[in-house]
Amino acid sequence: MNPSTKQHNTNGKGLPPVRIPRRETVAAKKKRAESIVKTLALAFPAATCSLNFRNPFELIISTILSAQCTDKRVNMVTPTLFRRWPTPEKMAKATQTQIETVIRTTGFFRSKAKNILGCSRALVERHSGEVPQQLSELVALPGVGRKTANVVLGSGFGQAEGVVVDTHVGRISRRLGLTKHVDAVQAERDLMKVLPADDWIQFSHFLIELGRSLCSARSPTCQTCMLLDLCPRSGVIKKNPLKR
């Protein structure tokens with residue numbers, strides 16, 4: 001093996017992983033990231049936020065609900081939630097028990113109800129019922145971290161302030177060798193260094209689609225992936241062909 005390259009695990013189908021330099025330059029990583037984005041844009045041209053929302057308020061509440069829950073489940077719950085409390089002003093007047101009853105199936109419903117109620121009240125008290133468009137003001141809201149703020153800014157306002165790093169984006173970015181970090185904030189910093197700002201919003205949508213269709217956590221189908229020639233498959237575990 002060339003000492004200047006790093007050999008990673010294969011994926012259980014015996015496919016040799018792409019080799020990248022042990023110390024891949026930033027310029028080379030940017031070029032590879034550009035190719036990744038272009039390839040995914042062809043594969044998932046309609047990729048977008050999978051949460052159903054009509055305005056930034058619905059998006060911020062839906063994103064709070066999406067923690068440890070599928071977007072599909074959230075979309076089943078929110079029609080009732082927003083029919084009863086369609087604005088921050090009305091949501092702020094609800095009781096926690098009332099909200100818990102509606103969102104119970106999303107999991108962690110008590111803490112989520114507390115955050116939804118706190119967020120709605122903060123929007124009314126601090127922002128006249130409007131969802132702010134500044135990252136610093138968003139993350140100051142109850143239940144809103146950097147990931148949720150990036151979702152709201154990107155999908156709600158079309159503003160690229162960062163890269164949304166959920167479980168799919170984090171896992172696949174590590175497999176692609178674009179970051180080594182498990183921590184979402186550190187991974188986001190790495191991605192922002194190699195991706196142009198114009199791609200920050202869509203990149204996350206692309207990787208979420210890829211994660212749902214091909215690059216799953218336990219059984220990635222590397223042999224049919226459109227990124228086969230661009231991905232070193234860092235950390236993908238080689239399966240024992242004798243084990244059944």
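This is a predicted model: local features need pLDDT of at least 70, side-chain atom pairs count only at pLDDT 80 or more; totals for chains, interfaces and linings use all residues.

Author: One term is required at the outset: a residue is called buried when its relative accessible area is under 20%, and exposed when that area is over 50%.

Reader: Which residues of helix 3 are buried?
Author: Helix 3 covers residues 71–84. The residues of helix 3 that are buried are D71, V74, N75, V77, T78, L81 and F82.

Reader: Against which helices do the buried residues of helix 3 pack?
Author: Packing is judged here by contact, that is, heavy atoms within 4.5 Å. The partners of the buried residues of helix 3 are helix 2 (56–65), helix 4 (88–92), helix 5 (96–103) and helix 11 (200–213).

Reader: Is S62 buried or exposed?
Author: S62 is found in helix 2. Leaving aside neighbours within four places in sequence, S62 is in contact with L51, N52, V74, T78 and F82. Because its relative accessibility is 0%, S62 counts as buried.

Reader: How far from a polar atom of the side chain of S62 does the backbone oxygen of E58 lie?
Author: A polar contact requires a pair of N or O atoms within 3.5 Å. Between the backbone oxygen of E58 and a polar atom of the S62 side chain, the distance is 2.8 Å.

Reader: How many of the nine residues of helix 9 are buried?
Author: Helix 9 spans residues 167–175 and is mostly covered. H168, V169, G170, R171, I172, S173 and R175 are buried, and they pack against helix 10 (184–194) and helix 11. The number of buried residues in helix 9 is seven.

Reader: Which residue caps the N-terminal end of helix 9?
Author: The backbone nitrogen of H168 lies 3.1 Å from a side-chain oxygen of the capping residue. The residue that supplies this oxygen is D166.

Reader: Which helix gives the most to the lining of the largest pocket?
Author: The largest pocket holds about 630 Å³ of space. Of its 32 lining residues, the closest to its centre are S66, D71, K147, D166 and I208. Helix 8 (146–157), helix 9 and helix 11 each supply at least two residues of the lining. With seven residues, the one that gives the most is helix 11.

Reader: What is the volume of the largest cavity?
Author: The count of cavities of 30 Å³ or more comes to one. The largest cavity is lined by 15 residues, with C215, C222, C225, C231 and R233 nearest its centre. Its volume is about 130 Å³.

Reader: Is R233 buried or exposed?
Author: R233 is found in the segment after helix 11. Its phi is near 55°, a positive value in a residue other than glycine. Because its relative accessibility is 2%, R233 counts as buried.

Reader: Is S128 buried or exposed?
Author: S128 lies in the loop between helix 6 (109–127) and helix 7 (135–138). Although S128 is not a glycine, it has a positive phi of about 55°. Because its relative accessibility is 64%, S128 counts as exposed.

Terms used
Residues are numbered from 1 along each chain as its sequence is written. Side-chain values use heavy atoms; hydrogens and water are left out. Helices (H or I, at least four residues) and strands (E, at least two) are DSSP runs, numbered from the N terminus. The expected span of a helix is 1.5 Å times one less than its number of residues. Buried means under 20% relative accessible area, exposed over 50%, partly exposed in between (1.4 Å probe, protein chains only). A polar contact is a pair of N or O atoms within 3.5 Å; within protein, one must be able to donate a hydrogen and the other to accept it, and residues adjacent in sequence count only if both atoms are side-chain atoms. On a 1 Å grid over the protein atoms alone, a cavity is a set of points where a 1.4 Å probe fits but cannot get out, and a pocket is an open set with protein on both sides within 12 Å along at least five of seven lines; lining residues have an atom within 4 Å of a point. Grid points are joined across faces, edges and corners, and a volume is the space filled by probe spheres set on the points.
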